[in-house]
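Hi there,

Here is the structure I promised to pass on to you. Have a look at it first, and then read my notes below.

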Amino acid sequence: MDSSEAKRLAAEAAVALLPDSGVIGLGTGSTATLFIDGVAEAIRQGKRLVGVPTSVQSREQALRLGIPLLSDEGPWEIDLCVDGADEVSESLDLIKGGGACHLREKIVNASSRENVIVVDESKLSRHLGERWPVPVEVVPFGHRSTVRLLQRFGTVSLRERDGKPWLTDAGNFVYDVRVGPIESPVELDRSLQRVPGVVETGLFVARAQRVIVAGPAGVRTLTPR
């Protein structure tokens, strides 16, 4: 099974969790895109669903497919949010932000009764940081001073696109901080959050109620111990 097939199966398993009516958090990324397609089909088949997108990208896809959306302002009472992840630890903590949408994703995540993460098996690690750096959203003002402080944690690199800093939907920069295997994601998250200029990190600690994993053996669901 290749990764595209695994993502399709994981997205289909998440679509099966949709209620007959309610508010759905629409994640961002390649697997979440497949889930949003499934939400649109469920609406066409009669389900009464309204979305809250986690990015401009997911908003544009939802509008194109005719999914009704709530205002970006909130507050929301989200029944189910489905999103992807870049890395998932054995304790089901996450690194997100490969698409630079982790600020909005975390806001929507916190407003959701249930957060479901959909991934293929390549995203699983024993500890976070084994495969991915930690994305850190930073305000442009004084960002080089912020970087100097971030370098205490590991190797820091500015994320770029087309030779220019990659701007988030909020107009901020993203620095990827490579720290290696993370023994305590919650402590690292707290420490990074205390750095002046840091808006948000891509560490999602104890925020997934279930993780749907697709691989050669099929689809399985992981829940916190």
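Which residue in S13 is the bridge partner of Ile95? The partner is Leu203.

Before going on, a word on where this comes from: the model is predicted, so local features need pLDDT of at least 70 and side-chain atom pairs count only at pLDDT 80 or more, while totals for chains, interfaces and linings use all residues. Residues are numbered from 1 along each chain as its sequence is written, and side-chain values use heavy atoms, with hydrogens and water left out.

Now back to that pair. Strands here are DSSP runs of E with at least two residues, numbered from the N terminus, and two strands pair if DSSP finds at least two bridges between them. Strand S5 (residues 94-95) is joined to S13 by two bridges, and the two run antiparallel. They belong to an open sheet of three strands in the order S4-S5-S13, with antiparallel pairing. Its edge strands, S4 (87-88) and S13 (203-204), each pair on one side only.

Strand S7 (residues 134-138) is also worth a look. Five of its five residues are buried, so S7 is largely enclosed by the rest of the structure; buried means under 20% relative accessible area, with a 1.4 Å probe and protein chains only. On one side you will find Val134, Val136 and Val138, and on the other Pro135 and Glu137.

S7 has antiparallel neighbours too: five bridges join it to S11 (residues 173-178), and three join it to S12 (residues 198-201). Val138 has the bridge partner Phe173 in S11 and Val198 in S12.

Enjoy exploring!

Definitions and conventions:
Buried < 20%, exposed > 50% of the residue type's maximum accessible area, 1.4 Å probe, protein only. Helix = DSSP H or I, 4+ residues; strand = E, 2+ residues; numbered from the N terminus.
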